[in-house]
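Dear colleague,

Please find the sequence and the structure below. My notes on what was found follow them.

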Amino acid sequence: MDLVALRLTLLLACCTTGVLLVIGLPLAHWLARSRSPWKWLVEAVVALPLVLPPTVLGFYLLWCTSRRSMFGQAYESLTGQMLPFTFTGVLVASVIYNLPFAVRPFIAAFSAVDRRLLEAAWCLGSSRSRTFWRVTMPLAWPGILSGMVLTFAHTFGEFGIVLMIGGNIPGVTRTLSIAIFEDVDSLNYAAAGQTSFVLLVFAFLMLALVHALQRRMPQV
Amino acid sequence: MSPWMDAVFTKSYPGVSIRGELNWADRPRRVTALFGPSGCGKTTVLRCLAGLERLDAGVIRAFGQTWSDPGQRIHVAPQHRGVGFLFQDYMLFPHLNVRDNVAFGAPSQPDQRAQVDQLLQRFQLAGLDRRFPRELSGGQQQRVALARVLAAQPRLLCLDEPLSALDGPTRTHLRIELRKWLREFQLPALIVSHDAIDIQALADDLIVMSDGQVRQSGPVEEVLHQPVDITVARIVGFENFVPVKVEQRDSEGLSVEHVGWRFRGLDQLRSSNTSEGIACIRAEDLRLRKINADEAASLATILECIPEGAMLRVRLKLPSGQILQALVPRSTEFRSGETASIDLVVNAAVIVCKDSR
């Protein structure tokens, strides 16, 4: 089994989950509680990767980050390198592609917390931020954890978008899925089978964990 | 002296507009009940006072502060109003034990722990402080919710249907408990309820609401027994509405007549020129006596007898065709088709305007 690819995949999954926790939590909290008329638009954008083929998303990301685009030029002048075919590029793609897998469970977790519990806290003099940390988060954490597990597992098996943005550079962008693809392409079925089995067991364990967490969602 | 609470406001939802009117100039330690049918806007009034809803128009002033005034873009957050809100289902934090629930809103002072201990003791929760809300009975949950609200040292208590989640003996027991706590803590309180028994047991003053409007307010007994119109009479439990002609008016009330049946009633007609009105009569204030058909004018034919707890609900028909309902002791034996004479408890009828709605 390609241990370098395993290490890289683990790193990518951890970073993607971490970034999505930082971006996704406030976004999901806003979507769960907001009465804004534009909420549907944000929800649609978040859900887009669910219906869009990874190759299409990958194509647009390549286009946005190329030297011809303003963003690509700005990024290059800031960092001295381009996003495509780097680990950072793959991470950005992975974060965008996994947005619904993290944010949707987060929204469900926040929505499951009865609003009247928050109102009770406010009437007891608790500020909104204290209420968030002392009431919302403790009650929503199983759902949030389940979103994190889903994101982690999904990143583990990503293929299309990683290939589009990162290509197949060992130690930089070559994840386990890409390794399987290459093994099959070079008729190395034994290695492909071994890696595939590891991914299968891993996916099953992750789903079992998500199921266990969902059973712990608050029943208020 | 400015009133401690002065609020006139509106809050609209699709298809319904709620107008709150509250003005308390004196006696701020009284318990006031907001009473009315489900969906009439009672809870919305409480939520507006607590700052949980923003007003569409109007103003709420309390304790010398403006709490809400959309015209001036003022909306004091619930955290800064000092309103203790007791929710219908108590809304205890399910992930916190009894002690942590009570301590949640207690001000962070060096003696916070001692204060919480004192409240736990007072509400007989000392042995339960490590339990979680799901492990408590309805009565224990109510005590925790009250202790939690009081730990935050509120200036005003708002209780939203505090007994509606309960039934039977538990409800009776908790009604007595709640009455005790309310008397003991001497805080101004507003209670929302649609149960007249709860209101009589808990409140000093009563505000009757219907269709988002305040219809009548005053001391509980006064509003319950002297409704100003048919709508209020219906809400506070009058069941019989008999069209009458005014025969005589004196300082003690009115003498009225309905097709030969004469009785006296309280004058709630708004004009002394009015000669017609509606007599509102509670079912329990009608007295029935078995009689031969030719004995008296105020007689009625019994249509139906329905047992109702210790009482018997009797549906009657007057010679005029008017249907009445009477609640009589179950021991009285009446049968359908029999004739009975009707009598009224003294001054139990309230005569209101015919066109009052």
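Of the 357 residues of chain B, 52% count as buried, where buried means under 20% relative accessible area, exposed over 50% and partly exposed in between, with a 1.4 Å probe and protein chains only. This is a predicted model, in which local features need pLDDT of at least 70 and side-chain atom pairs count only at pLDDT 80 or more, while totals for chains, interfaces and linings use all residues. Residues are numbered from 1 along each chain as its sequence is written, chains are lettered from A and ligands numbered from 1 in the order in which they are written, and side-chain values use heavy atoms, with hydrogens and water left out.

The two chains

Chain B has eight helices and 21 strands; helices (H or I, at least four residues) and strands (E, at least two) are DSSP runs, numbered from the N terminus. Along the principal axes, its C-alpha atoms fill a box of roughly 80 × 50 × 40 Å. Among the contacts in chain B with a separation of 6 or more, 64% are accounted for by residues 24 or more positions apart, contact meaning heavy atoms within 4.5 Å.

Chain A comes to 10 helices and zero strands. The box filled by the C-alpha atoms of chain A is roughly 65 × 45 × 25 Å along the principal axes. Of its 220 residues, 45% count as buried. For chain A, residues 24 or more positions apart account for 71% of the contacts with a separation of 6 or more.

Nonpolar cores

The largest nonpolar core has 73 residues; such a core is a set of buried Ala, Val, Leu, Ile, Met, Phe, Trp, Tyr and Cys residues joined through side-chain atoms within 4.5 Å. Phe110(A), Met5(B), Leu22(B), Ile60(B) and Phe93(B) have the most contacts inside this core. Its largest share, 12 residues, comes from helix H5 (residues 87-111) of chain A. Apart from this core lies another, of 55 residues, which includes Val116(B), Leu119(B), Leu166(B) and Ala203(B).

With neighbours within four places in sequence left aside, Leu22(B) is in contact with Met5(B), Asp6(B), Ala7(B), Val45(B), Leu49(B), Leu190(B) and Ile207(B).

Helix packing in chain A

Helix H1 (residues 3-33) and helix H2 (residues 39-51) of chain A pack at an angle of about 140°, with their axes 10 Å apart. Axes are lines fitted to C-alpha atoms, for helices over the stretch in contact, and angles run from 0 to 180 degrees between N-to-C directions. H1(A) is therefore oblique to H2(A), since angles under 35 degrees count as roughly parallel, over 145 as roughly antiparallel, 65 to 115 as roughly perpendicular and the rest as oblique. Leu27(A), Trp30(A) and Leu31(A) of H1(A) meet Lys39(A), Val42(A), Glu43(A) and Val46(A) of H2(A). This contact has five nonpolar, no polar and two charged residues; Ala, Val, Leu, Ile, Met, Phe, Trp, Tyr, Cys and Pro count as nonpolar, Asp, Glu, Lys and Arg as charged, and the others, Gly among them, as polar.

Helix H6 (residues 115-123) of chain A and H7(A) pack at an angle of about 145°, with their axes 10 Å apart. Leu117(A), Leu118(A), Ala121(A) and Trp122(A) of H6(A) make the contact with Arg128(A), Thr131(A), Val135(A), Thr136(A) and Leu139(A) of H7(A). By class, these residues divide into six nonpolar, two polar and one charged.

In helix H9 (residues 176-185) of chain A, the buried residues are Leu176(A), Ser177(A), Ile178(A), Ala179(A), Ile180(A) and Asp183(A). They pack against H1, helix H7 (128-156), helix H8 (160-166) and helix H10 (189-215) of chain A. After H9(A) comes Leu187(A), whose phi is positive, near 60°.

Loop residues in chain B

Pro162(B) lies in the loop between strand E8 (156-160) and helix H5 (168-185) of chain B and is buried, with a relative accessible area of 3%. Its contacts, leaving aside neighbours within four places in sequence, are Leu86(B), Tyr90(B), Gln142(B), Leu178(B), Ile191(B) and Val192(B).

Tyr90(B) lies in the loop between strand E7 (83-86) and helix H2 (98-103) of chain B. Its phi is near 70°, a positive value in a residue other than glycine, and Tyr90(B) counts as buried at 4% relative accessibility. Val259(B), in the loop between strand E13 (253-258) and strand E14 (261-268) of chain B, has a positive phi near 40° and is exposed, with a relative accessible area of 58%.

With kind regards
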